[in-house]
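Open the model in your viewer and start with the whole chain in cartoon.

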Amino acid sequence: MRDSNLPEPELLKTVLQPLLEDFEYWFTRSRTFLETEQLSFLDKQEQSNLLKRVKLAAGEVQAAKMLFAAAGGKVGIDMATLMPWHKLVTECWNVAMKFRSKQDSVD
């Protein structure tokens, strides 16, 4: 008998696959941003630490994508894993918005 608590593979493919792709996209954008811009409101160490966290999370997302693909979309990811990625993406969005805000006030 099948465990009714297990997620359906099609539901996982519909929800989890695009979510992982979104994380990958935003971590790539954040990495590029942090590597190419000097942020006046962060000291170099803070910016470097944020970049390191983005690189680490991007690697975790890549590993999750590979596991998901290797398992044929039949594995999920615990929310305890997803939430730090979500918080980091939000932190990066906030940094980018602050950067743009400061750029707009200079113009």
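This is a predicted model: local features need pLDDT of at least 70, side-chain atom pairs count only at pLDDT 80 or more; totals for chains, interfaces and linings use all residues.

Numbering starts from 1 along each chain as its sequence is written, and side-chain values use heavy atoms, with hydrogens and water left out.

**Whole chain.** Colour by secondary structure. The protein has 3 helices and 0 strands, in the order α-α-α from the N terminus; helices are DSSP runs of H or I, at least four residues, and strands are runs of E, at least two. Along the principal axes, the C-alpha atoms fill a box of roughly 65 × 20 × 20 Å.

**Aromatic rings.** Select Phe, Tyr and Trp. There are 5 aromatic pairs. Rings pair if their centres lie within 6.5 Å; planes under 30 degrees apart count as stacked, over 60 as edge-to-face and the rest as tilted, with the six-membered ring used for Trp.

**Phe23 and Phe27.** This pair is stacked, at 6.1 Å centre to centre and 15 degrees between the planes. Both lie in helix α1 (residues 9-36), 4 residues apart. Phe23 is buried at 7% relative accessible area, and Phe27 at 1%.

**Phe33 and Phe99.** Here the pair is edge-to-face: 5.2 Å centre to centre, 75 degrees between the planes. Phe33 lies in helix α1 and Phe99 in helix α3 (residues 79-106), so the pair ties together parts 66 residues apart in sequence. Phe33 and Phe99 are both buried.

**Last stop.** Ring pairs link Trp85, Phe23 and Phe27 into a cluster.

Key:
Buried means under 20% relative accessible area, exposed over 50%, partly exposed in between (1.4 Å probe, protein chains only).
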